[in-house]
Amino acid sequence: MTPFRAADRKVWKTRVSLPSGETGIFSCGTSDLATARQVDNAISNLKRRRQWAPLEAVIERRITLGRMFDAYESGTLDTLLKELRDPDLSVLIDEWPTNDAYRMQVRRMIPKGNRYPVSRFTRKAVSEFLATLAPHRQSEKSAVRQMSGSTKNRYRAALSVFARWLLEREVIDVNPVRDVRAAKANPPRMVWLTRDQAKALIGALPGEHAAMEALMATTGMELQSVKRL
């Protein structure tokens, strides 16, 4: 079928059909007529060779026609079809019995609604994700600011727990997170006061707060423990 488009549209479309009679109109993913014709020729060649699997994936909307054509042109159709046969980790995260914090952290790498085949869950992918992990909200001045090593290690722990669950479900055979090196933890954020500084601080605070500070200075207790006491 020759590519076509509506008068008020820029992107070309064409028809994809199967021997079963299933058919549909799909975007070629391009506004260039010559490229759209190449997409249409690829469909014809697949039909002539009776290679129905890529066209079935398009009809079932598991991939776009444009993505199928890119794989056809690059000779990676088999790889693409293998990915489509792989379990979708994005869906499995919803089945994973875990807490909200772990789920949120794993979702940073595997967003909801985007297919993520298990074959992409590799040691390299995890390492690259952790290396580029940055805070959710950043100003333009801090756009390159990275998360602390301690925070990255919490994301690594969440991914490792998810991988262990996938092992139990026999979705994967090896935990790829296990061999990803942990980030260097940040030094502890502690402030030490000399005896004279502690006495000056206590003397400047009102009653109850002075008593709490005195207890912490004398015993080394944390604030939350003192509040509970």
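Visitor: Let's start with helix H3. What covers the buried residues of H3?

Guide: Keep in mind that this is a predicted model. The buried residues of helix H3 (residues 65–74) are Leu65, Gly66, Met68, Phe69, Ala71 and Tyr72. What covers them includes strand E1 (13–17), strand E2 (23–27), helix H1 (33–48), helix H2 (53–59) and helix H4 (77–85).

Visitor: Which residue just after H3 takes a positive phi?

Guide: Step just past the end of H3 and check the backbone there. The phi is about 75°, and the residue is Gly75.

Visitor: Now Leu46. Is Leu46 buried or exposed?

Guide: Leu46 is found in helix H1. A residue counts as buried when its relative accessible area is under 20%. Leu46 has 0% relative accessibility, so it counts as buried.

Visitor: Which residues is Leu46 in contact with, leaving aside its neighbours within four places in sequence?

Guide: Two of them, Met68 and Tyr72, also turn up among the buried residues of helix H3. With the sequence neighbours set aside, Leu46 is in contact with Gln51, Pro54, Leu55, Met68, Tyr72 and Leu77.

Visitor: What separates the C-alpha atoms of Leu46 and Leu84?

Guide: Along the chain, Leu46 and Leu84 are 38 residues apart.

Visitor: Where does Arg50 lie, and is Arg50 buried or exposed?

Guide: Arg50 lies in the loop between H1 and H2. Its phi is near 60°, a positive value in a residue other than glycine. The cut-off for exposed is over 50%. Arg50 has a relative accessible area of 59%, so the word for it is exposed.

Visitor: And Glu170: is Glu170 buried or exposed?

Guide: You'll find Glu170 in the loop between H8 and helix H9 (195–204). Glu170 isn't a glycine, yet it has a positive phi of about 60°. Its relative accessible area is 69%, so Glu170 is exposed.

Visitor: How many nonpolar residues does the contact of H6 with H8 have?

Guide: From H6 come Tyr102, Met104, Gln105, Val106, Arg108 and Met109, while H8 brings Arg154, Tyr155, Ala157, Ala158, Leu159, Val161 and Phe162. Sorted by class, one residue is polar and two are charged, while the nonpolar ones number ten.

Visitor: Why do the rings of Phe162 and Trp165 count as stacked?

Guide: Both residues sit in helix H8, three residues apart, which means about one helical turn separates them. Phe162 is buried, with a relative accessible area of 0%, and Trp165 is buried too, at 8%. Planes under 30 degrees apart count as stacked. Their ring centres are 6.2 Å apart, and the pair is stacked because their planes are at 20°.

Visitor: Which residues form one aromatic cluster?

Guide: A search of the whole structure finds four aromatic pairs. The stacked pair of Phe162 and Trp165 is one to remember here. The cluster is formed by Trp96, Phe121, Phe162 and Trp165.

Visitor: Last one: the charged end of which residue sits over the ring of Tyr116?

Guide: Look at the centre of the Tyr116 ring. The charged end lies 4.4 Å from that centre, and it belongs to Arg120.

Terms used. Residues are numbered from 1 along each chain as its sequence is written. This is a predicted model: local features need pLDDT of at least 70, side-chain atom pairs count only at pLDDT 80 or more; totals for chains, interfaces and linings use all residues. Side-chain values use heavy atoms; hydrogens and water are left out. Contact means heavy atoms within 4.5 Å. Helices (H or I, at least four residues) and strands (E, at least two) are DSSP runs, numbered from the N terminus. Ala, Val, Leu, Ile, Met, Phe, Trp, Tyr, Cys and Pro count as nonpolar, Asp, Glu, Lys and Arg as charged, and the others, Gly among them, as polar. Rings of Phe, Tyr and Trp (its six-membered ring) pair if their centres lie within 6.5 Å; planes under 30 degrees apart count as stacked, over 60 as edge-to-face and the rest as tilted. Buried means under 20% relative accessible area, exposed over 50%, partly exposed in between (1.4 Å probe, protein chains only). A charge sits over a ring if NZ of Lys or CZ of Arg is within 6 Å of the ring centre and within 35 degrees of the ring normal.
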